[in-house]
Amino acid sequence: MREQRWLVLAICATSIFLVGLDTTAVNVALPAIGDDLRLATADLEWAVDAYTLVLASLMITSGALADRIGRRRVFRIGLVLFGAGSVACALAPSIGVLVAARALQGVGGSMLSPVALAIVVSVITDPRERARAIGVWAAVFGLSMAAGPVLGGALITGLGWRIVFWANLPIIAVVLVLTALFVPESRAARARRLDLPGQILLVVLLGAGVAVLIEGPRLGWTSPALLAGFAVIAAALAAFVRTESRRAEPLIDLDLFRRPPFAAAVGGAVAVFVALNVTLLLGTLYLQQVRGLRPIEAGLVTLPMAVAATVCAPLSGRLVGRIGPRLPLRVAGVCTVIGGAMLAGLGDRTGMAVLLVAYLFAGIGVGFANAPITNTAVSGLPPERSGLAGGIASTARQVGAALGVAIAGGMVAGLAPERLAGATRPGWALVAACGLAILAVAQASPSGVARTDAAQPGPVAAPAR
């Protein structure tokens with residue numbers, strides 16, 4: 001029945017709303033978490049990056065596992081793990097417990113993000129309906145990412161930071177019941193093999209890279225621990241490249257990076273989410289610690305970004321379908337540059353109008369970037385490879401989120417509020433530089449509309465985010 005197909009979309013979209021919400025809502029809660037648990041900035045960074053790192057590392061494997069043992073089964077396991085992680089976060093008495101609980105949320109989230117879209121694609125088979133469904137999907141995820149600071153700020157102001165995690169539970173319970181009643185089981189006709197060596201090496205590589213960025217300012221860049229970290233990164237990278245190049249079905253097909261448009265799209269995905277997360281983290285700390293705003297007030301300052309990202313995402317998708325990805329990417333790059341440049345001279349008394357307009361441009365940049373980046377990643381590929389390419393692009397977005405948090409946190413670690421505004425200025429320059437990187441991606445992207453079915457998401461493609 002047609003109505004049941006759209007009910008399945010609503011069920012799966014609700015789960016992905018949770019994944020996106022917990023990616024950004026926690027940012028606005030960081031000062032409250034720090035005050036309650038008496039944490040330094042570097043510790044707070046781990047509360048965010050433990051989630052995004054695990055999410056980024058496991059997305060592709062979770063999609064492959066679902067294709068093999070059943071998508072609904074893995075989806076339900078993901079919901080349970082996400083709920084268990086939320087409970088542990090809400091009850092966490094210390095930073096160690098909170099980080100471990102956030103990692104558990106990331107494991108669950110990795111089973112929701114790619115798997116839920118694969119369920120939708122398997123249920124909605126008509127090409128036009130599928131295109132509409134994917135448009136709704138992208139809009140829901142974009143809304144969750146952008147609305148996170150506003151909703152999180154509202155909850156925290158009234159009920160404290162732990163309510164951000166408790167609020168997940170009733171939604172998860174409803175989705176679990178509806179999944180059991182209405183979501184059919186499905187598997188891929190030919191499931192990809194699991195690449196456990198590649199998966200382990202990817203976790204080590206990403207974890208070591210982010211750990212170095214977070215702990216470097218505190219331990220010193222030439223300390224023995226950091227030098228050991230650099231050695232681990234180099235060894236893990238070499239082993240990962242060697243392993244993946246020799247496997248028939250690798251976790252990440254390195255041959256895809258020989259295509260300049262794909263490599264540029266992956267770099268662009270990282271740049272967009274570095275810019276977004278630098279903006280969110282530095283903005284949250286500045287607004288609450290320097291300007292003295294409550295969480296709800298800090299969240300409302302980001303509202304122009306939320307509205308712009310939500311409105312521009314579907315507009316960008318339509319433009320990509322009509323004229324190709326170059327123009328939307330150019331708009332995204334220019335607006336990101338403007339947003340970063342407007343805050344490059346941020347001070348303790350910068351006008352609120354400047355902040356609001358800067359957030360508006362940042363939101364336009366995020367909104368216009370995601371659809372053309374996904375299109376560029378998969379354009380020209382046969383359908384059987386487009387799902388993996390889309391999954392890699394989504395993984396790159398979460399890697400960018402983790403890097404953005406680590407870099408931004410390192411800029412302001414241990415600083416008193418009176419010094420924080422000036423310390424954020426290199427971060428805003430980085431945001432502008434990310435905009436320039438997006439403009440470079442525009443030059444490498446296809447000049448027109450792709451004339452291949454490869455642009456259609458494959459069965460394990462991750463959402464356009």
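The legends below describe close-up views of a predicted model.

Local features are taken at pLDDT of at least 70 and side-chain atom pairs at pLDDT 80 or more, while totals for chains, interfaces and linings use all residues. Residues are numbered from 1 along each chain as its sequence is written, and side-chain values use heavy atoms, with hydrogens and water left out.

**View 1. Arginine 38 in the loop between helix 1 and helix 2.**
Arginine 38 sits between helix 1 (2–37) and helix 2 (41–69); helices are DSSP runs of H or I with at least four residues, numbered from the N terminus. The phi angle of arginine 38 is near 55°, a positive value in a residue other than glycine. With a relative accessible area of 78%, arginine 38 is exposed. Accessibility is computed with a 1.4 Å probe on protein chains only: buried means under 20% relative accessible area, exposed over 50%, and partly exposed in between.

**View 2. Serine 86 in helix 3.**
Helix 3 spans residues 71–91 and contains serine 86. Serine 86 counts as buried because its relative accessibility is 0%. A polar atom of the serine 86 side chain lies 2.9 Å from the backbone oxygen of phenylalanine 82. Apart from neighbours within four places in sequence, serine 86 is in contact with Gln105, Phe165, Asn168 and Leu169, where contact means heavy atoms within 4.5 Å.

**View 3. Methionine 111 in helix 4.**
Methionine 111 belongs to helix 4 (residues 95–123). Its relative accessibility is 13%, so methionine 111 counts as buried. Not counting residues up to four places away in sequence, methionine 111 touches Ser62, Val74, Phe75, Ile77, Gly78 and Leu81. The C-alpha atoms of methionine 111 and glycine 63 are 7.1 Å apart in space, and the two residues are 48 residues apart in sequence.

**View 4. The interface of domain 2 and domain 3.**
The protein is divided into domain 1 (1–183), domain 2 (194–251) and domain 3 (253–446), with bounds from an automatic or database domain assignment. The C-alpha centres of domain 2 and domain 3 are 24 Å apart. Their contact takes 11 residues from domain 2 and nine residues from domain 3. About 750 Å² is buried between domain 2 and domain 3, and 85% of that area is on carbon and sulfur atoms. Buried area here is the accessible area (1.4 Å probe) that two parts lose on being put together, summed over both.

On the side of domain 2 that touches domain 3, the elements giving two or more residues are helix 8 (196–219) and helix 9 (224–246). Helix 8 gives the most to this side, with five residues. By class, the side of domain 2 that touches domain 3 has nine nonpolar, one polar and one charged residues. Ala, Val, Leu, Ile, Met, Phe, Trp, Tyr, Cys and Pro count as nonpolar, Asp, Glu, Lys and Arg as charged, and the others, Gly among them, as polar.

**View 5. The salt bridge of arginine 193 and glutamate 249.**
By the rule, the count comes to nine salt bridges. In one of them, the side chains of arginine 193 and glutamate 249 meet at 3.8 Å, N to O. The pair links distant parts of the chain, 56 residues apart: arginine 193 is in the loop between helix 7 (168–182) and helix 8, and glutamate 249 is in the loop between helix 9 and helix 10 (260–290). Arginine 193 is exposed at 58% relative accessibility, whereas glutamate 249 is buried at 16%.

**View 6. The salt bridges of arginine 218 and arginine 258.**
Arginine 218 pairs with glutamate 215, the closest N and O atoms being 2.7 Å apart. These two residues are separated by about one helical turn because they are three residues apart in helix 8. Arginine 218 is partly exposed at 45% relative accessible area, and glutamate 215 is buried at 15%. The side chains of arginine 258 and aspartate 255 meet in a salt bridge at 3.7 Å, N to O. Arginine 258 is exposed, with a relative accessible area of 69%, and aspartate 255 is partly exposed, with 41%. Salt bridges that share partners join Asp43, Glu215 and Arg218 into one network.

Conventions: A polar contact is a pair of N or O atoms within 3.5 Å; within protein, one must be able to donate a hydrogen and the other to accept it, and residues adjacent in sequence count only if both atoms are side-chain atoms. A salt bridge is a side-chain nitrogen of Lys or Arg within 4 Å of a carboxyl oxygen of Asp or Glu.
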